[in-house]
Amino acid sequence: MTDTRRRVKVYTLNEDRQWDDRGTGHVSSGYVERLKGMSLLVRAESDGSLLLESKINPNTAYQKQQDTLIVWSEAENYDLALSFQEKAGCDEIWEKICQVQGKDPSVDITQELVDESEEERFDDLSSPGLELPPCELSRLEEVAELVASSLPSPLRREKLALAVENEGYIKKLLELFHLCEDLENREGLHHLYEIIKGIFLLNRTALFEVMFSEECIMDVIGCLEFDPALPHPRRHREFLTKTAKFKEVIPISDPELKQKIHQTYRVQYIQDMVLPTPSVFEENMLSTLHSFIFFNKVEIVGMLQDDEKFLTDLFAQLTEEATDDHKRHELVNFLKEFCAFSQTLQPQNRDAFFKTLSNMGILPALEVILGMDDVQVRSAATDIFSYLVEYNPSMVREFVMQESQQNDDDILLINLIIEHMICDTDPELGGAVQLMGLLRTLVDPENMLATATKTEKTEFLSFFYKHCMHVLSAPLLANTTEDKPSKDDFQTSQLLALILELLTFCVEHHTYHIKNYIINKDILRRVLVLTSSRHAFLALCALRFMRKIIGLKDEFYNRYIMRNFLFEPVVKAFLNNGSRYNLMNSAIIEMFEYLRVEDMKSLTTHVVENYWKALEDVDYVQTFKGLKLRYEQQRERQDNPKLDSMRSILRNHRYRRDTRTLDEEEEMWFNTDEDDLEDGEAVVPPSDKMKSEEDLMDPISKFMERRKLKDSEEKEVLAKPTLTGRQSPSFKLSFSSAPKPSLTGPPPTSHLPGSPGSLSIGARTSPPTTAITTKSGLVGLVDYPDDDEEDEDDMENQEEILPLSKKAKLSS
């Protein structure tokens, strides 16, 4: 398997300062004799050719960016980069480089050195900055070149940023922008675009604060309209001033907050719409811009959250009946955006945010909003509800359980959600899919809390099945009153498939709650009506539901299935599907194959006895014949219980494998005096001890004859061909009602001394002795549950001590 950690792309910087892809390969580090040092080697993954062989020079400045990039300069104007597929591989190679240069791997750049061209521009590394060209129209090209040449080096960027900041250069550039725009100097405007874009990539917060100030931000956006790559300038300022409107749904009295909202919107617009999409190497250079927006949003949320009057007015107007529809629509959209901003908060701050909303009554407000007719308002309310469920499902569950004590089922929040899912007008049911996901989160026991005083799972599931499940299953029950779905259009089928998906989830996770509901409401029979739907995806959902139930191996479910003959619609669907090789065919065969592999005796018997005639001709798979074989083996074990016990003995290996005749220890046991028996053992009558050898051997001979007969019968049973591949073995389909002789029946009335037939009443009964014959003679099979290895060793020692005359006497 290829090691993806070492998989890299090799890039070189061309004359136009663009990165060229030189190929993909796998990087390694090692000593190269020719280069006399540790080197980086990249071999192409296509043909193994050498893409890169670069010595790790102790004085070369290597830079790690974005956790997966390593960039360095081999010589003047020859920059290289390795872009790793995985962070682990980048860290590994970075450690090698730092090891050679004697640096700490925690640094992002190994050297702070400059080349000769830098020394020419920066006379002294210790100097506080550099002298920028005068900010004049004729020098714009020079400034643009300086900015472009400074971007690749961190040191150059730092010095340039300091110079721009200290000299107030940004405001001077913006004055030139007005001049160029008035003169329609397109060349100057193009240079200004490159300069302002380069200043963004300097990634310095102090510069952003100047650029995003109220007086400068629109001019900065104006500079970025004149992209040299575009034939015509963009009209960003026109959009921001004329098209985009600030909607103040609740008056904001704090001017600082209002200014912060305006600024954040415009900076977000610059990031998303104005700046070109950064390349993989530039993305890290805009990290400070991301942080600027992030902290602005955090500050806005905090200021709004602290303004209790603002939030009180917001929720009051949301729930007030007198509020007109347009105003309510604006309020809900504001609350939705407010919640979206909260996703940027740290977990601790987000906790405080949602607690504030909860205390303000956001859930009762959502309940009111979801009951309204406006589709757009309900959609926005659903988005807000999703934020709450994803953040803290327990808070939502607690609310709906409390309100159930005061309100009817029809107006419960969770039932409103179910009704919106059922009544979604979207042909693709986009909203219903979202709501189903929320319901699934709410009924998932995995995120439910359990404390010493209460168990949320028990309480909420009892509530859900009592107050809500009938609402969820209503469309299913209404559509399956006949043998076929009463409505079989695409949208209805999609909705039923969603409901079935949630019910299948409940079967897997809710144990007895859903079991009681399915059996009491006969849900599975109704679901299986959907197997006759003309939409294959719905029929498969119904099969998946039944398969999940069967997979639980619950006898309550099994008896329910057999009592109501619920395999009948499955068999009908299989036969109606014909010989088509599709998902329906495979799903049904897999269900029956599961019965066979798992040896589910009750369901196997039910299927064979009721549906064998319909399935016996299916021979392109061996599943159904395998089920019949299971059934026959099961019947055989029922008719011959001792055969079953014999097989269990063989499986457990609890018998002696040596083919010896009746042992001496058995004879000793037969002849043991009553006084020698342990307390509770069977007592052998004295008359049996005096039986002659002929009396002893007669029943054994008869037993051996019967055993040979049974051996031949057993071979016929076990000689049936194994189901392998696409074999089509022949099966006898008629069942013999005649009782089969016992495999190891006891001898006739003249019992062996000490045999089970001669045990005295009241004594502890020993397990029956079972015997089989082989070519060598008789093997004693004795299954004593309390035996251990020491008992067997003792008995073997006794056998060695006994005189051979007794053995000969028995075998004569």
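Biologist: Which residues in H12 meet which residues in H14?
Modeller: This is a predicted model. In H12, Glu308, Leu311, Thr312 and Phe315 make the contact. Their partners in H14 are Thr356, Leu357 and Met360.

Biologist: How do the residues of that contact divide by class?
Modeller: The contact of H12 with H14 has 4 nonpolar, 2 polar and 1 charged.

Biologist: At what angle do the axes of H12 and H14 cross?
Modeller: Roughly 50°, and the axes come within 10 Å. H12 covers residues 308–319, and H14 covers residues 347–360. That angle makes H12 oblique to H14.

Biologist: Is the crossing of H12 and H14 left-handed or right-handed?
Modeller: The crossing of H12 and H14 is right-handed.

Biologist: Now another pair. How do H20 and H23 cross?
Modeller: H20 is residues 456–467 and H23 is residues 512–521. Their axes come within 10 Å and cross at roughly 15°. Angles under 35 degrees count as roughly parallel, so H20 is roughly parallel to H23. H20 passes H23 in a right-handed crossing.

Biologist: Which residues of H20 and H23 meet?
Modeller: From H20, Thr458, Leu461, Ser462 and Tyr465. From H23, Tyr512, His513, Ile514 and Tyr517. By class, the contact of H20 with H23 has 5 nonpolar and 3 polar residues, with no charged ones.

Biologist: Zooming out, how many helices and strands does the protein have?
Modeller: There are 36 helices and 9 strands.

Biologist: What share of the protein's residues is buried?
Modeller: Buried residues are 44% of the 812 residues.

Terms used:
Residues are numbered from 1 along each chain as its sequence is written. This is a predicted model: local features need pLDDT of at least 70, side-chain atom pairs count only at pLDDT 80 or more; totals for chains, interfaces and linings use all residues. Side-chain values use heavy atoms; hydrogens and water are left out. Axes are lines fitted to C-alpha atoms, for helices over the stretch in contact, and angles run from 0 to 180 degrees between N-to-C directions. Helices (H or I, at least four residues) and strands (E, at least two) are DSSP runs, numbered from the N terminus. Angles under 35 degrees count as roughly parallel, over 145 as roughly antiparallel, 65 to 115 as roughly perpendicular and the rest as oblique. A crossing is left-handed if the near helix is turned anticlockwise from the far one by less than a right angle, and right-handed if clockwise. Contact means heavy atoms within 4.5 Å. Ala, Val, Leu, Ile, Met, Phe, Trp, Tyr, Cys and Pro count as nonpolar, Asp, Glu, Lys and Arg as charged, and the others, Gly among them, as polar. Buried means under 20% relative accessible area, exposed over 50%, partly exposed in between (1.4 Å probe, protein chains only).
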